[in-house]
Amino acid sequence: MAEQESNWWTAPAEADNGRLVMVSGRTDVEKFRSNPRFNIRIEVAWPYQGDASGMPDDALSRQMEQVQDALQEAFRKDPVAVLTGVFTGDDERTWVFYTLSTHIFGRKLNEALADMPLLPLKISAENDPEWLAYDEMNQCRVN
């Protein structure tokens with residue numbers, strides 16, 4: 001993660017099937033969380049064929065970091081969304097954002113990834129005005 005490393009924590013967690021998932025959570029989110037307009041949680045998931053433990057190989061990890069850096073840079077320049085969590089393992093990397101608009105988020109995502117090859121991304125959104133999923137993710141940090 002290119003963005004200030006000190007604003008992130010990483011901890012191991014377990015998928016429902018018992019496989020390892022590494023969870024990274026962002027800590028400096030208060031200015032977004034306190035803004036009631038940032039009430040939409042978006043997951044951008046990249047399924048992949050992992051190794052025996054469900055983790056990506058080195059080449060795929062580097063490609064995923066390029067995607068993450070591009071997204072973080074796009075939303076740093078135009079803060080209509082904030083990356084709050086990254087889950088890697090069990091054959092999937094998932095980036096979790098909170099945003100104020102699915103339409104604007106989608107446009108910015110497409111702009112950020114325009115120079116990359118077509119990626120097998122799955123995108124879902126849900127309303128989460130209390131940031132309950134963020135709080136749940138943070139439980140990994142204390143376990």
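**Sheet, helices and spaces**

Modeller: Helix H2 (residues 58–77) lies across E1, strand E3 (40–47), E4 and E5, and its direction runs at about 5 degrees to that of E5. Please keep in mind that this is a predicted model. On the sheet there also packs helix H3 (residues 102–112), which touches E3, E4, E5 and E6 and makes an angle of about 35 degrees with E3.

Colleague: In what order do the strands of the open sheet stand, and which of them are at the edges?

Modeller: The open sheet is formed by 6 strands with antiparallel pairing, and their order is E1-E2-E4-E5-E3-E6. Strand E1 (8–14) and strand E6 (122–127) each have a single partner strand, so one side of each is left without a neighbour in the sheet. From one strand to the next the twist averages 20 degrees. The order is therefore E1-E2-E4-E5-E3-E6, and the strands at the edges are E1 and E6.

Colleague: How many bridges join strand E2 to E4, and which residue in E4 is the bridge partner of Met22?

Modeller: Strand E2 (residues 20–26) and E4 run antiparallel, and the two are joined by 5 bridges. For Met22, the bridge partner in E4 is Thr88.

Colleague: Which element gives the largest share of the lining of the largest cavity?

Modeller: The structure holds 1 cavity of 30 Å³ or more, and the volume of the largest cavity is about 40 Å³. Its lining consists of Arg41, Thr84, Phe87, Val96, Tyr98, Ala133, Tyr134 and Met137, with two or more residues each from strand E4 (81–89), strand E5 (92–99) and helix H4 (132–142). By class, this lining has 6 nonpolar, 1 polar and 1 charged residues. The largest share, 3 residues, comes from H4.

Colleague: Turning to the largest pocket, what is its volume, and which element supplies the largest share of its lining?

Modeller: The volume of the largest pocket is about 480 Å³, and of the 21 residues that line this pocket, Glu14, Ala15, Val21, Val23 and Phe87 are the closest to its centre. At least two lining residues are supplied by each of E1, E2, E3, E4, E5 and H4, and by class the lining has 9 nonpolar, 5 polar and 7 charged residues.

Colleague: How many aromatic pairs does a search of the whole structure find, and is the pair of Phe75 and Phe105 stacked or edge-to-face?

Modeller: The search of the whole structure finds 7 aromatic pairs. The ring centres of Phe75 and Phe105 are 5.2 Å apart and the planes stand at 10 degrees, and planes under 30 degrees apart count as stacked. The pair links distant parts of the chain, with Phe75 in helix H2 and Phe105 in helix H3, 30 residues apart. Because its planes stand at 10 degrees, the pair of Phe75 and Phe105 is stacked.

Terms used
Residues are numbered from 1 along each chain as its sequence is written. This is a predicted model: local features need pLDDT of at least 70, side-chain atom pairs count only at pLDDT 80 or more; totals for chains, interfaces and linings use all residues. Side-chain values use heavy atoms; hydrogens and water are left out. On a 1 Å grid over the protein atoms alone, a cavity is a set of points where a 1.4 Å probe fits but cannot get out, and a pocket is an open set with protein on both sides within 12 Å along at least five of seven lines; lining residues have an atom within 4 Å of a point. Grid points are joined across faces, edges and corners, and a volume is the space filled by probe spheres set on the points. Helices (H or I, at least four residues) and strands (E, at least two) are DSSP runs, numbered from the N terminus. Ala, Val, Leu, Ile, Met, Phe, Trp, Tyr, Cys and Pro count as nonpolar, Asp, Glu, Lys and Arg as charged, and the others, Gly among them, as polar. Two strands pair if DSSP finds at least two bridges between them. Axes are lines fitted to C-alpha atoms, for helices over the stretch in contact, and angles run from 0 to 180 degrees between N-to-C directions. Contact means heavy atoms within 4.5 Å. Rings of Phe, Tyr and Trp (its six-membered ring) pair if their centres lie within 6.5 Å; planes under 30 degrees apart count as stacked, over 60 as edge-to-face and the rest as tilted.
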